[in-house]
Amino acid sequence: MNTPSSPVQSFFDFVAHAPTAFHAVEETCTRLQAAGFTRLDERAPWRIAPGSRCYVTRNRSAVVAFCVPEQGLSHFQIAASHSDSPMFKLKPNAEDSSSAPYIRLDVERYGGMILSSWFDRPLSIAGRALVRRKGRLVTRLVDFGRDALLIPNMPIHFNRSVNDGYSYNAQVDLLPLYAGAEAKGALAREIARACGAGEADVVSSDLFLYNRMPGSVWGAGNEFFSCPRIDDLECAYTSLQAFLAAPARGHVNVWAMLDNEEVGSGSKQGADSTLLGDVLARVCAALGMEDAQARAAVSSSFMVSADNAHAVHPNHPEKYDSLNRAFMNGGVVIKHNANQKYTTDAVSQAIFSEILAHAGVPVQHFSNRSDVAGGSTLGNIANTHVSMNTVDIGLAQLAMHSCYETAGTQDVAHMIRALTAFYGANILPHGDGEYAIE
Ligand code: CO
């Protein structure tokens with residue numbers, strides 16, 4: 001069922017190349033380039049012709065790609081996901097000898113992670129560094145690519161309450177062990193080696209701990225798979241596959257993978273930035289559209305905010321709404337929230353579910369229990385900058401924000417089919433509240 005060429009194995013390959021948001025973007029650029037896309041720079045004028053396929057990165061941790069049709073640009077159809085996952089980030093002065101003869105690293109939490117999942121497993125370090133080179137500062141990706149450190153649990157003999165809801169202190173319990181005392185200075189040396197620069201030329205870095213454990217397919221019938229960063233690389237990967245496969249049909253297909261969703265999207269490269277709006281505006285301008293035409297195109301557009309959903313946990317089914325609950329391998333999940341944490345409304349649900357019904361992709365609906373706050377995602381935040389009909393979707397997964405998450409093997413293909421159908425359909429508004437799907 002899951003041969004090496006299966007969609008799940010291909011997803012594992014993507015995840016293995018994407019230990020951080022920077023690497024996810026780099027891997028994506030490689031794939032876009034191989035598919036014939038041209039790289040644009042936000043700092044330069046854009047020349048875009050009908051039929052152009054282009055992409056642009058911001059901060060090298062977010063990317064927006066688009067395909068312009070040969071003729072008749074009427075609107076945009078966008079799928080947006082996020083590149084980041086909850087991880088530990090190294091502080092600037094990270095090497096800590098205060099617990100001699102050990103060397104630990106000083107780290108802080110990025111995003112809302114399940115802390116216990118990070119203990120007692122080999123971890124590595126990846127991210128980016130700025131290095132001096134020929135009178136310039138240049139970005140270098142960093143990946144130690146080896147088992148380099150570990151956060152050890154306290155033995156139960158010294159922590160009898162560890163199984164009784166123990167509260168971890170991020171500054172005490174979570175600092176990883178990196179070396180013995182004789183290795184003083186090893187971190188700076190290893191960072192320099194990893195980015196191919198002299199130690200004195202490494203000026204700064206954004207480095208994270210990551211779980212190197214490869215993906216695994218499991219279950220009696222290979223129903224499930226587990227791997228790091230399923231949230232949200234599963235949606236990023238499947239939407240990219242769909243984007244690359246879909247034909248252009250009279251609208252501009254857009255694929256966006258934005259950063260910093262796990263900390264509220266409020267950065268220059270997140271959904272709460274100008275990035276997506278800038279790209280749409282510049283595409284319109286480069287194609288000679290006037291401001292009013294560009295605004296008409298954006299308001300005729302449709303966005304899919306793709307971020308994973310919670311599958312019912314087998315040990316805690318009581319935590320989920322009794323009617324609006326999702327299961328792994330049950331197909332694409334449409335997410336609903338009356339308070340607009342999710343953008344889905346009757347209009348966007350109707351349009352998107354019609355496309356899925358036509359494509360024969362199973363659909364599930366998710367709402368939180370009314371006494372559970374639930375999470376949020378990037379769709380409603382992006383909507384405050386580029387306002388258009390938007391549906392929030394995802395695939396059902398377990399253990400969200402663990403460093404090793406679990407999802408359904410059939411769902412990878414479900415999402416690729418769903419979003420290929422979305423990009424291939426032409427969603428045409430006829431006034432406010434009436435739509436044709438061609
Ligand atoms: Co997410």
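Mentor: A helix crossing is called left-handed if the near helix is turned anticlockwise from the far one by less than a right angle, and right-handed if the turn is clockwise. Please keep in mind that the model is predicted. Two packed helices are described by the angle between their axes and the distance between the axes.

Let us begin with helix H4 (residues 230–245) and helix H9 (residues 409–424), whose axes come within 8 Å and cross at roughly 45°. An angle of that size makes H4 oblique to H9. The crossing of these two helices, H4 and H9, is right-handed. On the H4 side, the contact is made by Glu 234, Cys 235, Tyr 237, Thr 238, Ser 239, Gln 241, Ala 242, Phe 243 and Ala 245. H9 answers with Val 412, Met 415, Ile 416, Leu 419, Thr 420 and Tyr 423. Sorted by class, the residues of this contact of H4 with H9 comprise 10 nonpolar, 4 polar and 1 charged.

H9 has a further partner in helix H7 (residues 346–359): the axes of H7 and H9 come within 9 Å and cross at roughly 115°. Angles of 65 to 115 degrees count as roughly perpendicular, and H7 and H9 are therefore roughly perpendicular to each other. The crossing of H7 and H9 is also right-handed. H7 contributes Phe 352, Ile 355, Leu 356 and Ala 359 to the contact, while H9 contributes Arg 417, Ala 418, Leu 419, Ala 421 and Phe 422. By class, the contact of H7 with H9 has 8 nonpolar residues, no polar ones and 1 charged.

Most residues other than glycine have a negative phi, and most peptide bonds are trans. A cis peptide bond, however, joins Asp 231 and Asp 232, with omega of about 10°, and Asp 232 lies in helix H4. Another cis bond, with omega of about 10°, joins Ala 100 and Pro 101; Pro 101 sits in the loop between S5 and strand S6 (102–110). As for phi, Arg 60 has a positive value of about 55° although it is not a glycine, and this residue belongs to the loop between strand S2 (53–58) and strand S3 (62–67).

We may turn next to the space left between the atoms. Rolling a probe the size of a water molecule over the atoms shows where empty space is left. The largest pocket contains about 390 Å³ of space. It is lined by 18 residues, and the closest to its centre are Lys 91, Pro 92, Ile 191, Ser 205 and Leu 207. Two or more residues of that lining come from each of strand S5 (87–96), helix H3 (186–194) and strand S10 (202–211). Its lining divides into 9 nonpolar, 3 polar and 6 charged residues.

The largest cavity has a volume of about 90 Å³, and of its 13 lining residues the closest to the centre are Pro 86, Trp 118, Arg 229, Ser 402 and Cys 403. That lining has 6 nonpolar, 4 polar and 3 charged residues. The second largest cavity has a volume of about 40 Å³. Among the residues that line this second cavity are Leu 258, Gly 270, Ala 382, His 385 and Val 386, and the largest share of the lining, 3 residues, comes from helix H5 (residues 275–286). By class, the lining of the second largest cavity comprises 6 nonpolar residues, 4 polar and no charged.

How values were computed
Residues numbered from 1 in each chain as written. Predicted model: local features only at pLDDT ≥ 70, side-chain atom pairs only at ≥ 80, totals over all residues. Heavy atoms only, no water. 1 Å grid on protein atoms, 1.4 Å probe; cavity = no way out; pocket = protein on both sides within 12 Å on 5 of 7 lines; lining within 4 Å. Points joined across faces, edges and corners; volume = space filled by probe spheres on them. Helix = DSSP H or I, 4+ residues; strand = E, 2+ residues; numbered from the N terminus. Nonpolar A, V, L, I, M, F, W, Y, C, P; charged D, E, K, R; others polar. Axes fitted to C-alpha atoms, helices over the stretch in contact; angles between N-to-C directions. Parallel < 35°, antiparallel > 145°, perpendicular 65-115°, else oblique. Contact = heavy atoms within 4.5 Å.
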